Amino acid sequence: ASTRDGVNWPRAQALAAAERASYIARNPESARLAGQAAQHLLFGVPMHWMNDWSTPFALTVSEASGARFRDADGHEYIDFCLGDTGAMFGHAPQPVAQAIARQAARGYTAMLPSEDSAPVAAELARRFGLPYWQFALSASDANRFVLRWLRAATGRSKVLVFNGCYHGTVDDVFVDLVDGVPTQRDSLLGQVHKLTDHTVVVEFNDLPALEAALKQGDIACVLAEPVMTNIGMVLPQPGYWEAAQRLIKRHGSLLVIDETHTISSGPGGYAQAHGMRPDALVVGKPIGGGIPCAVYGFTEELARRVEQAKRSAPPGHSGVGTTLSANMFAMAAMRANLEQVMTEDVYRHMFALAAQLAEGLRAVIAGHKLPWCVTQIGARTEFQFTPTAPQNGTQAQAILDGELEQIIHLYLLNRGLLITPFHNMLLVCPDTDENDVARLLSTFEECIKALLLN
Ligand code: PMP
């Protein structure tokens, strides 16, 4: 039979059809709600990308708690997607639920700091090793604001990103290398500015390319995830970041580390865990336990330059803002989450489970001689359809197989297991336990067997 990514492809397609039929039969209430939603929701869903899951129509969630959620038809799921990191500390973690319940009776937003602001900033400083902080409503916003501050502070216009990166809806970074040529990502809607004028893109793990770009002397900052996680995972090669940081410094540029996903590496993110020294750092998604908010921090020196840039500009709109940023409600959530949820102990539990998960996935893959591999960054694990892990965005892009992903995802979902859409990423949270991981592994193996049948 013809094979693709090591699996029997006609068999995989037959399985896909069977799983879609099974989903439709299993979820009459989600189907009814999807029909209703189609009347007044654009694309039939609250966000257009909710149609891009593996399911024939959207699965409607009725409630979520800890590592589990329930759908509108009453099925229970073990959640390894966890809101693609937004719920990395479990759904509705108790301390956060209590803090926001308290805050719910005490106001949400006032354009003024609340009593939680200073303690939250102090905790961020302690944990991430950067002394000065600001807030935003999403990681996308935080990245946008940081780019603005750093261009203003350095007087340089360009930013450098790595091919295949994703930092949210930040237009500047939708630039890819296509056959080695910087090219605006053609999926980006409604962008009329020429992004390649002010965005430089190089491959991750390519020091000569990074140096050649920095040498031009016009790059305000490098914006990077310390490990690429959005095109499938791409790990830095040993010594890469040490050398890259030296180059960035030598050429008068700045390093912004986006820890929104790599906060899976530990309470202080990947940078703290691996001795990196960024000039600025961004974290969004789970920082408030799932309540919308994001944070960004600066070194003392950069903070002074940023303050100087603002003070020397005419008064008026800065382009950094949004009315609800740093609102009292999000601040209460962050305080509870940082002080009581994102602790060393919780991370130890998640690391042990993720290791069990990664080893188990490797064993299943090896047992069936599949040409796949597994990468783990703390609580984040991913399997990829390649025998050796990719080293840059181009390689990572080449091995993506959305069709095969969706077959596996839907197979798991129909059996009460949710993993992250658009790649093969699994997160564990403080409430995930060994039985949950064991169940994921045994169902994953059943799926592989079904894909390999002759
Ligand atoms: N940074 C990284 C590394 C991300 O992966 C994402 C989203 N996947 C973002 C920023 C943007 O987060 P949000 O969509 O919550 O703004």
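# Briefing: loop residues, helix packing and domain contact

Alanine 92 is found in the loop between β5 and α3. The model is predicted. Its protein chain is divided into domain 1, made of residues 3–79 + 344–452, and domain 2, made of residues 94–341.

- Phi of alanine 92 is near 50 degrees, which is a positive value in a residue other than glycine.
- Alanine 92 has 15 C-beta neighbours inside 10 Å and therefore counts as partly exposed, since the buried class starts at 20 or more and the exposed class ends at 12 or fewer.
- Leucine 82 lies in the loop between β5 (76–79) and α3 (94–104).
- Leucine 82, a residue other than glycine, also has a positive phi, near 50 degrees.
- For leucine 82, 29 other C-beta atoms lie within 10 Å, so this residue is buried.
- As background, most residues other than glycine have a negative phi.

**Contact between the domains**

- The centres of domain 1 and domain 2, taken over C-alpha atoms, are separated by 28 Å.
- Domain 1 puts 22 residues into the contact, and domain 2 puts in 23 residues.
- On the side of domain 1 that touches domain 2, at least two residues each come from α11 (344–367), β15 (373–377), β16 (380–384) and α12 (393–399).
- The element that gives the most to this side of domain 1 is α12, with 5 residues.
- The side of domain 1 that touches domain 2 has 10 nonpolar, 9 polar and 3 charged residues.

**Helices α1 and α13**

- Helix α1 (residues 9–26) and helix α13 (residues 402–413) have axes that come within 9 Å and cross at roughly 45 degrees.
- The crossing in which α1 passes α13 is left-handed.
- From α1, the residues Ala12, Leu15, Ala16, Glu19, Arg20 and Tyr23 take part, and they meet Leu404, Ile407, Leu410 and Tyr411 of α13.
- The residues in the contact of α1 with α13 comprise 8 nonpolar and 2 charged, with no polar ones.

**Isoleucine 408 in α13**

- Helix α13 also holds isoleucine 408.
- Isoleucine 408 has 24 other C-beta atoms within 10 Å and is therefore buried.
- Between isoleucine 408 and glycine 232 there are 16 Å in space, C-alpha to C-alpha, and the two residues are 176 residues apart in sequence.

**Helices α3 and α10**

- The axes of α3 and helix α10 (residues 328–341) are 8 Å apart, and the two helices pack at an angle of about 150 degrees.
- This angle makes α3 roughly antiparallel to α10, because angles over 145 count as roughly antiparallel.
- The crossing of α3 and α10 is right-handed.
- On the α3 side, the contact is made by Pro95, Val96, Ala99, Ile100 and Gln103.
- On the α10 side, the contact is made by Met328, Phe329, Ala332, Ala333, Arg335, Ala336, Asn337, Gln340 and Val341.
- By class, 10 nonpolar, 3 polar and 1 charged residues form the contact of α3 with α10.

Notes. Residues are numbered from 1 along each chain as its sequence is written. This is a predicted model: local features need pLDDT of at least 70, side-chain atom pairs count only at pLDDT 80 or more; totals for chains, interfaces and linings use all residues. Axes are lines fitted to C-alpha atoms, for helices over the stretch in contact, and angles run from 0 to 180 degrees between N-to-C directions. Helices (H or I, at least four residues) and strands (E, at least two) are DSSP runs, numbered from the N terminus. A crossing is left-handed if the near helix is turned anticlockwise from the far one by less than a right angle, and right-handed if clockwise. Two residues are in contact if their C-beta atoms, placed from the backbone, lie within 7 Å. Ala, Val, Leu, Ile, Met, Phe, Trp, Tyr, Cys and Pro count as nonpolar, Asp, Glu, Lys and Arg as charged, and the others, Gly among them, as polar. Domain bounds come from an automatic or database domain assignment. Angles under 35 degrees count as roughly parallel, over 145 as roughly antiparallel, 65 to 115 as roughly perpendicular and the rest as oblique.
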